[in-house]
Amino acid sequence: MADVRASRLFTMVLLLQARGTMTAAELAGEVGVSERTVYRDITALAAAGVPVYAEQGRHGGYRLVDGYRTRLTGLSRVEAEALFLLGLYGPARDMGLGDVLATAQLKVSAALPAGLRDAAAQAAQRFYLDVPGWFHDSDPPPALSVLVRAVWQDMTVILRYHRHDEVTRTVQPYGVVLKAGIWYLVARVGADLRVYRADRVVAVEVTDQRFVREESFDLPAVWAERAAQFVRGMLAEEVTVRLSQAGLRALRFAVEPPAVQAATDAAGEPDAQGWVVTHLPVESAEVAYDQLLRLGPEVEVLAPQPLRDQMRVAAQRLADLYQR
């Protein structure tokens, strides 16, 4: 319990250091305790020599004496090693921040107590994130570093972007996302938030116009919503299938996770042989044909009829091939 309280006290100091004034209610919400516990913790911090005091008034709260900064002496070994996993070198290098990250890690290492200064090496020897997919080019998109600088500085940019043809857009770059080895730009265009693949950006011109981003903007939440919309839009058709228990288990290796979940939720009761009938969302019948062939004899397509006919022909061809 003492370790839990020490960690909480240290977190409170870091919160006050980062945010300035915070009320007891705000601190309680951040560290997950009652306001009464916050009052006791503030008293304990003051008794330990931390220069924390209360400001009265409408906008009052607890704050640290101006200029006070805690040293990184409260870190455990596990925390110190985890710290060096926060800045993964590959993505930082792609964004043009590799040298900055390396310098920051050196400074953090120098600030750590002597017994923890090997934390960076310990982490590097044990964990490595290879971000790009197997068949993706590992080189970052040429425009990525320029886009990242514009994101940091909240500068409006003019993009030349290749889709089916080449278009030009003036956008406010809100953030970048790395997904399965592909970099994306999340940007505001007028009243809309849009997503652009960074490797399709032909050219970037950074203007001298700074924009004010919305304080409520939450990049992880926006990305999660857009990703879900993309998958829902992609799975526009539906097929009816009959699956064995082995086929139901293997379905996750053949189709997208949202489709697996939908098919599992829609599955009826197993018959005497353990087979179930369900509805499977798919991108198209053509895509479904390729996906369901992977399940071999563990799936039967019931509808639509043209897809069932395709599967029957494929099964007959396989039977003829092995009969020879």
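In this predicted model, the largest nonpolar core has 23 residues, and those with the most contacts inside it are Val 239, Leu 251, Leu 280 and Leu 292. Several elements contribute at least two residues each to this core: strands S8 (237-243), S9 (276-282) and S10 (299-303), together with helices H11 (257-266), H12 (285-293) and H13 (305-323). Val 239 shows how these parts meet. Leaving aside residues up to four places away in sequence, Val 239 touches Thr 278, His 279, Leu 280, Val 282, Ala 288, Leu 292, Ala 303, Pro 304 and Leu 307. Apart from this core lies another, of 20 residues, which includes Met 95, Ala 143, Val 151 and Ala 187.

The aromatic side chains come next. A search of the whole structure finds four aromatic pairs. In one of them, the ring centres of Tyr 174 and Phe 217 are 4.7 Å apart and the ring planes stand at 75°, so the pair is edge-to-face; the cut-off for that class is over 60 degrees. Tyr 174 belongs to strand S4 (residues 166-179), while Phe 217 sits in the loop between strand S7 (201-210) and helix H9 (219-234), so the pair ties together parts that are 43 residues apart in sequence. Both Tyr 174 and Phe 217 are buried. Tyr 174 and Phe 217 also form one aromatic cluster with Phe 211.

Another pair involves helix H9 itself. The rings of Tyr 184 and Trp 223 have centres 5.2 Å apart and planes at 45°, so this pair is tilted. Tyr 184 lies in strand S5 (residues 182-189) and Trp 223 in helix H9, and the pair thus links distant parts of the chain, 39 residues apart. Tyr 184 has a relative accessibility of 17% and therefore counts as buried. Trp 223 also counts as buried, because its relative accessibility is 17%. The cut-off for buried residues is under 20%.

The remaining topic is a helix packing. Helix H2 (residues 24-31) packs against helix H3 (residues 35-47) at an angle of about 100°, and the two axes are 9 Å apart. This angle makes H2 roughly perpendicular to H3, since the range for that class is 65 to 115 degrees. On the H2 side the contact is made by Ala 24, Ala 25, Leu 27 and Ala 28, and on the H3 side by Glu 35, Val 38, Tyr 39 and Ile 42. Sorted by class, the contact of H2 with H3 has seven nonpolar residues, one charged residue and no polar residues.

Technical notes
Residues numbered from 1 in each chain as written. Predicted model: local features only at pLDDT ≥ 70, side-chain atom pairs only at ≥ 80, totals over all residues. Heavy atoms only, no water. Axes fitted to C-alpha atoms, helices over the stretch in contact; angles between N-to-C directions. Helix = DSSP H or I, 4+ residues; strand = E, 2+ residues; numbered from the N terminus. Parallel < 35°, antiparallel > 145°, perpendicular 65-115°, else oblique. Contact = heavy atoms within 4.5 Å. Nonpolar A, V, L, I, M, F, W, Y, C, P; charged D, E, K, R; others polar. Core = buried A, V, L, I, M, F, W, Y, C linked by side-chain atoms within 4.5 Å. Buried < 20%, exposed > 50% of the residue type's maximum accessible area, 1.4 Å probe, protein only. Phe/Tyr/Trp six-rings, centres within 6.5 Å; stacked < 30°, edge-to-face > 60°.
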